[in-house]
Amino acid sequence: MRRRTVIGAALAAAAAWPALAAGPEATAGDFSFAAIEGGSIDLAAFAGGPILVVNTASLCGFTQQYAGLQALQDAYRERGLTVVGVPSNSFRQELGDAAAVKEFCEVNFAIDFPLADITPVAGDDAHPFYLWAAAQDAGPEWNFHKILVDGQGRLAGAWGPGTTPDSPDLVAAVEAALPQR
């Protein structure tokens with residue numbers, strides 16, 4: 001039943017998010033996010049390497065995971081990994097505006113991976129990427145949910161907030177998704 005609800009929400013959101021019309025054959029490369037500093041984060045730009053998309057929140061008990069996400073980005077950047085943070089107030093734990101979120105991340109965690117603008121990740125108004133993930137039973141139920149897509153933009157795994165960025169399971173999945181040398 002959950003799958004029907006998610007698909008129904010995805011179809012309803014298609015009018016507001018035309019890119020969602022790609023359907024189940026879509027890949028992560030079909031989606032982009034508004035960037036926190038302006039412009040956009042086009043996931044297709046990272047094709048060929050894995051992308052770890054994480055919905056974040058500055059006031060969450062898991063916020064310290066920002067440090068681990070930056071460490072993961074630093075460890076695997078040269079081999080093709082891109083971490084994309086997606087600040088969200090879907091679970092009511094994000095700061096009030098994008099400028100505050102950007103400053104918080106830079107000052108407290110020296111984040112240099114791409115950050116989206118504050119974006120809905122759950123419910124009927126969820127961003128199309130998250131509707132796509134939810135349709136594959138990989139949508140977030142809380143902050144710091146991690147979605148890994150491979151170099152072809154296909155879902156490679158999803159982990160809840162209890163899985164830290166340095167978790168052996170997550171690191172192994174990232175390493176498996178890296179381009180072969």
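Q: Why is Asp137 called exposed in this predicted model?
A: Asp137 has a relative accessible area of 53%. The term exposed applies over 50%, and therefore Asp137 is exposed.

Q: Where is Asp137 found, and what is said of its phi?
A: Asp137 is found in the loop between α4 (128-134) and β5. Its phi is positive, at about 60 degrees, although Asp137 is not a glycine.

Q: What makes Phe144 buried or exposed?
A: The relative accessibility of Phe144 is 0%. Buried means under 20%, so Phe144 counts as buried. Phe144 is found in the loop between α4 and β5, and it has a positive phi of about 60 degrees without being a glycine.

Q: How do you know whether Asp150 is buried or exposed?
A: Asp150 has a relative accessible area of 13%. Because the term buried applies under 20%, Asp150 is buried. Asp150 lies in the loop between β5 (146-149) and β6 (155-159).

Q: With which residues is Asp150 in contact, leaving aside its neighbours within four places in sequence?
A: Asp150 is in contact with Gly49, Pro50, Ala156 and Ala177. Contact here means heavy atoms within 4.5 Å.

Q: Which way do the residues of β5 point?
A: Lys146 and Leu148 point one way from β5, while Ile147 and Val149 point the other way. All of these are buried. In a regular strand the side chains alternate between the two faces of the sheet.

Q: What makes β3 and β5 a pair of strands?
A: Two strands pair if there are at least two bridges between them. Four bridges join strand β3 (residues 51-56) to β5, so the two strands pair. β3 and β5 run antiparallel, and the bridge partner of Val54 in β5 is Lys146.

Q: How do you know that β5 and β6 pair?
A: Four bridges join β5 to β6, and a pair needs at least two; therefore β5 and β6 pair. These strands run antiparallel, and the bridge partner of Val149 in β6 is Leu155. β5 and β6 form a hairpin with five residues between them. Gly153, in the turn, has a positive phi of about 85 degrees.

Q: Why is the ring pair of the structure's Phe129 and Trp132 called tilted?
A: The structure holds 10 aromatic pairs. In the pair of Phe129 and Trp132, the ring centres are 5.4 Å apart and the planes stand at 45 degrees. Rings pair if their centres lie within 6.5 Å. Planes under 30 degrees apart count as stacked and over 60 as edge-to-face, so this pair, at 45 degrees, is tilted.

Q: Where do Phe129 and Trp132 lie, and which cluster holds them?
A: Both lie in helix α4, three residues apart, about one turn of the helix. Ring pairs link Phe31, Phe33, Phe129, Tyr130 and Trp132 into a cluster.

Q: What makes Phe129 and Trp132 buried or exposed?
A: Phe129 has a relative accessible area of 0%, and Trp132 has a relative accessibility of 7%. Both values are under 20%, so Phe129 is buried and Trp132 counts as buried.

Q: How do you know whether Cys60 and Cys105 are buried or exposed?
A: Cys60 has a relative accessible area of 8%, and Cys105 has a relative accessibility of 0%. Because buried means under 20%, Cys60 is buried and Cys105 counts as buried.

Q: How many disulfides does the structure hold?
A: The structure holds zero disulfides. A disulfide is a pair of cysteine sulfur atoms within 2.5 Å.

Key. Residues numbered from 1 in each chain as written. Predicted model: local features only at pLDDT ≥ 70, side-chain atom pairs only at ≥ 80, totals over all residues. Heavy atoms only, no water. Buried < 20%, exposed > 50% of the residue type's maximum accessible area, 1.4 Å probe, protein only. Phe/Tyr/Trp six-rings, centres within 6.5 Å; stacked < 30°, edge-to-face > 60°.
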